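Hello! Here are a few friendly notes to read with the model open beside you. Please take the points in order.

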Amino acid sequence: MDNRLVLYNTLTRKKEKFEPLNPPFVGMYVCGPTVYSDVHLGNCRTFVSFDLIFRYLTHLGYKVRYVRNITDAGHLEGDNDEGDDKFAKKAKLERLEPMEIVQKYTLGFHEVLRLFNTLPPSIEPTATGHISEQIEMVKKIIEQGYAYEVNGTVYFDVEKYVKEYDYTILTNRKLDDLLNNTRELNGQDEKRGRLDFALWIKAKPEHIMRWPSPWGVGFPGWHIECSAMSSKYLGDQFDIHGGGMDLAATHHTNEIAQSQACNHMQPAKYWMHTNMLTVNGTRMSKSAGNGFLPHELFSGSHPLLERGYSPMAVRFFMLQAHYRSTLDFSNEALEAADKGYRRLMNAMALLPKLNATAKNTEIKVDELKARCYAAMDDDFNSPVLIAELFDAVRIINSAYDGKLTLDEPSLVSLRTLMQDFVHGVLGLVDDNTGSDDFEKLMDVVISLRNEAKHSKDYTTSDRIREGLSSIGIQLKDSKDGTLWNKI
RNA sequence: GGUCGGGUGGCCGAGUGGCUAGGCAGAGGUCUGCAAAACCUUUUACAGCGGUUCGAAUCCGCUUCCGACCUCCA
């Protein structure tokens, strides 16, 4: 097993050597979506990033248990007992039961991630399926003295917590600044401290999603589900906790506090945060109204797009940036990524057609392979990996053109390398191949055109080529025959 | 206002104290019936100003611009 993997830990703000608590097992928890609306591309980026991480850890031989939750309980719009439950609000708008909303957007989420070729997590627990675990955890936190109940609502006592623990460990903020920047408590507020947050919230009469608890009928606060479910499936302490960077300051900070108060240990050894997808330099988000929906991108129906892009081209686009960098979304950038993706896929398609020769012309596949691992070992640096793979693309194309030769071991090694990294680690597949029937049909068309060419009937051969081009099929002649691909 | 992260060539986007990132686009060439594809060659960089250093785009300081978080969002 590779032991040179280094990853950036938000907890320490440094790259650290990856040493799992119980090798070869790795526990990874990633905060999933709140399924009250369509996922947008920014959400997708996070899940594609963690898919890359999951795939690489698995590729290295780790036995990864990847837990990603579905948030389907009725959290409030704000972190206090005001505002509407998002599901109830949406249910009213769409005239559906809250659980119909949950079902609809859960299915949509799965469909989109399937199109992006992400592997399903090992466990995908839902918040509503773990109400009792959450209640148990709240009870334990109260027992430990870090929470208090007021009129059926339970609050986490941050002021007590900060006496023993570092509340701002994840984001390195100063407690005084947090206090100064938080709303004043108003007269009706039940909370003792300004930074206190709800673990369990008393349901108002109109609140639909509600469960009985020791404190009366209510629903869980918006951080407790992740603490409860991660410890249930991965233990009180596990290896990696991930999510979008936007979750670090509040959600993850409170998760750590809850787990520490309950179990007296850091829940995760490594905290990993993925950066935001931006549009014109500004974060893509639901509330800002600049969110692209996946189907708008695939079909090109979004007003800012000139055309549609395939899910795999978009995945490639995302992987060409490092997960901790922002990635800016534009027509030009997508266009470039799409072409690069096709170039990579075309080379992949040539790989089986290559023939080994007796001698190798100075191609050192082992060195290339080492560079690929070095790239991924350095905090999952997929852009550098892709740059290395384009070296392989050049080798493959040159070999196909007969401009260099590969001996049998090199060719086998090259094929394995490309298979492992392009398909296995990057999760890229060719979305442009047709069905078997279609392939056979193209063989017929191409042979007709080649007959015309041989008889110097270029009018006919060009008509075929232009006709195919007009329906998006590009022909590529070479000495060994004619290849085609969809544009 | 506080905390943090950035400003890299036409675009996207890596990286680094001295050695070509890569993709796309542009230019020239090879191949080709023509084209495409492919291959070869090639132009455009590191926000600004100081400092450390034999050497900085890379480290330090200042300036400036941008963004994220601090309020629901991956």
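1. **How to read the model.** This is a predicted model, in which local features need pLDDT of at least 70 and side-chain atom pairs count only at pLDDT 80 or more, while totals for chains, interfaces and linings use all residues. Residues are numbered from 1 along each chain as its sequence is written, chains are lettered from A and ligands numbered from 1 in the order in which they are written, and side-chain values use heavy atoms, with hydrogens and water left out.

2. **The whole chain.** The C-alpha atoms of chain A fill a box of roughly 90 × 50 × 35 Å along the principal axes. You will find 16 helices and 15 strands; these are DSSP runs numbered from the N terminus, helices being H or I with at least four residues and strands being E with at least two. Of the 487 residues, 52% are buried (under 20% relative accessible area; exposed is over 50%, partly exposed in between, with a 1.4 Å probe and protein chains only).

3. **Three domains.** Chain A is divided into domain 1 (6-274), domain 2 (278-425) and domain 3 (436-486), with bounds from an automatic or database domain assignment. The C-alpha centres of domain 2 and domain 3 lie 27 Å apart. Between these two domains, 6 residues of domain 2 are in contact with 7 residues of domain 3 (contact means heavy atoms within 4.5 Å).

4. **A pocket between domains.** Why does the second largest pocket lie between domain 2 and domain 3? Both domains give residues to its lining, so the pocket lies between them. Its volume is about 690 Å³. Among its 24 lining residues, Asn346, Ala349, Lys476, Leu483 and Trp484 are the closest to the centre. Helix 11 gives the most, 8 residues, and strand 14 (473-478) and strand 15 (481-486) are among the elements that each supply at least two. On a 1 Å grid over the protein atoms alone, a pocket is an open set of points with protein on both sides within 12 Å along at least five of seven lines, a cavity is a set where a 1.4 Å probe fits but cannot get out, and lining residues have an atom within 4 Å of a point. Points are joined across faces, edges and corners, and a volume is the space filled by probe spheres set on them.

5. The whole structure has 2 cavities of 30 Å³ or more. The largest cavity holds about 50 Å³ of space, and helix 1 (41-59) and helix 10 (311-319) each give two or more residues to its lining. Helix 1 has the largest share, with 4 residues. Domain 1 and domain 2 each provide at least three lining residues. Arg45, Leu52 and Tyr323 are among the residues around this cavity.

6. **One serine to look at.** Is Ser259 buried or exposed? Ser259 is buried, because its relative accessible area is 4%. Ser259 sits in helix 8 (residues 248-263). Leaving aside neighbours within four places in sequence, the contacts of Ser259 include Met137, Ser227 and His264.

7. **A label from a record.** An unreviewed UniProt entry annotates residues 33-43 as "short sequence motif: 'HIGH' region". The end C-alpha atoms of residues 33-43 lie 8 Å apart, and the span is 27% helix and 0% strand. UniProt positions are given in the numbering used here, feature names are shortened, and annotations may be inferred rather than shown by experiment.
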